[in-house]
Amino acid sequence: MKLIIGTQEEVIKKAAQRYVKLLNEKPEAVLGLATGSTPLGLYAELAKLCAEGKLSFAKCTTFNLDEYIGLDGTHDQSYRYFMNKNLFEKVDIRMEATHVPSGAVKSDEEAEQYDAEIKAAGGIDLQLLGLGNIGFNEPLTPFTSMTHIVKLTDSTREANKRFFASIDDVPTHAVTMGIHTVMQAKSIILMAFGEGKAEIIKKTVEGRPEIAVPASLLQLHEDVELYLDEAAASKLS
């Protein structure tokens, strides 16, 4: 693992330069993308750089980590909607080249077709992750897992209810890339900000790789970069 530590603004700019370098060298690159609050600053920076003509998404393909079951792309809490509003509509990407798992899948067999699509595209060149679980993979998810349906825990639903009218509106299931799916990416970027992430960053970087802490499994990947602010890195020895 390579650690890049600085202010949040500094590490966002450095992470964005990974995309500039990759897309300038390989315009047809395949990008793995994530949702949530953590990548918002990065997406804003990428949109700015694209507007300035410093990178282009015109030939690339993207695959997102996950989606809620039961929400279509027009729902304002779906991850398709999130990506459209926060990145895709702000850059020169072909919308048909963007992929988000379908919230309409009914079985793991259907969900695994997403892995086939990734493989057909040539595999993910650079996978973006926020910190926590990998996608919606809860602790103890098998290392060999492919894209699959997961029942959301009460704690996950509780954490996400602030985005919905009530807890009853929070979906009970999601479809997510599996840990094995993510680990097949050629390179991985993980971003984390704030003191609240410090303990899990310590386990991710310095703990034993174990499925009880999904992010710690990234130690087993040969090309991972962690972009951290000082608060998130504060417990590293």
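Helices (H or I, at least four residues) and strands (E, at least two) are DSSP runs, numbered from the N terminus, and Tyr79 is found in one of these elements, helix H3. The structure described here is a predicted model, in which local features need pLDDT of at least 70 and side-chain atom pairs count only at pLDDT 80 or more, while totals for chains, interfaces and linings use all residues. Residues are numbered from 1 along each chain as its sequence is written, and side-chain values use heavy atoms, with hydrogens and water left out.

## Helix H3 and Tyr79

Helix H3 covers residues 79–86, and Tyr79, Arg80, Phe82, Met83 and Asn84 in this helix are buried, where buried means under 20% relative accessible area, exposed means over 50%, and partly exposed lies in between (1.4 Å probe, protein chains only). The elements that cover these buried residues include strand S2 (30–33), helix H2 (40–51), strand S3 (61–64), strand S4 (66–68) and strand S5 (98–99).

Tyr79 has a relative accessible area of 13% and is therefore buried. Not counting residues up to four places away in sequence, Tyr79 touches Thr35, Asp66, Glu67, Tyr68 and Phe136, where contact means heavy atoms within 4.5 Å. Tyr79 and Glu67 are 12 residues apart in sequence, and their C-alpha atoms are 5.6 Å apart in space.

## How helices H1 and H2 meet

Two packed helices are described by the angle between their axes and the distance between the axes. The axes of helix H1 (residues 8–25) and H2 come within 9 Å and cross at roughly 50°; such axes are lines fitted to C-alpha atoms, for helices over the stretch in contact, and the angles run from 0 to 180 degrees between N-to-C directions. H1 and H2 are therefore oblique to each other, since angles under 35 degrees count as roughly parallel, over 145 as roughly antiparallel, 65 to 115 as roughly perpendicular and the rest as oblique.

On the side of H1, the contact is made by Ile12, Lys13, Ala15, Ala16, Gln17, Tyr19 and Val20, and on the side of H2 by Gly41, Leu42, Glu45, Leu46 and Leu49. Sorted by class, this contact of H1 with H2 has 8 nonpolar, 2 polar and 2 charged residues, where Ala, Val, Leu, Ile, Met, Phe, Trp, Tyr, Cys and Pro count as nonpolar, Asp, Glu, Lys and Arg as charged, and the others, Gly among them, as polar.

## The nonpolar cores

In soluble globular proteins, nonpolar side chains tend to be buried together. A nonpolar core is a set of buried Ala, Val, Leu, Ile, Met, Phe, Trp, Tyr and Cys residues joined through side-chain atoms within 4.5 Å. The largest such core has 61 residues, of which Tyr19, Leu46, Leu55, Phe57 and Met191 touch the most other members, and its largest share, 8 residues, comes from H1.

Which residues does Tyr19 touch, not counting residues up to four places away in sequence? Tyr19 touches Asn24, Leu31, Leu42, Leu46, Leu55, Leu126, Leu128 and Ile189.

## Gly32 and Leu126

Gly32 lies in strand S2 and, at 0% relative accessibility, counts as buried. Leaving out residues up to four places away in sequence, Gly32 touches Phe63, Ile124, Leu126, Gln127 and Leu128.

The place of Leu126 is in strand S6, and Leu126 also counts as buried, at 0% relative accessibility. Neighbours within four places in sequence aside, Leu126 is in contact with Arg18, Tyr19, Leu22, Val30, Leu31, Gly32, Ser187, Ile188 and Ile189.

| Pair | Apart in sequence | C-alpha to C-alpha |
|---|---|---|
| Gly32 and Leu126 | 94 residues | 6.0 Å |
| Leu126 and Ile188 | 62 residues | 5.5 Å |
| Asp168 and Arg157 | 11 residues | 9.4 Å |

Asn160 is found in helix H6 (residues 154–160), and is buried, with a relative accessible area of 13%. Asn160 touches Tyr68, Phe136 and Val170, not counting residues up to four places away in sequence.

Asp168 has its place in the loop between H6 and strand S8 (173–176), and at 69% relative accessibility Asp168 counts as exposed. Leu140 is in the loop between strand S6 (126–130) and strand S7 (148–151), and is likewise exposed, with a relative accessible area of 58%. Phi of Leu140 is near 80°, a positive value in a residue other than glycine. Most residues other than glycine have a negative phi.
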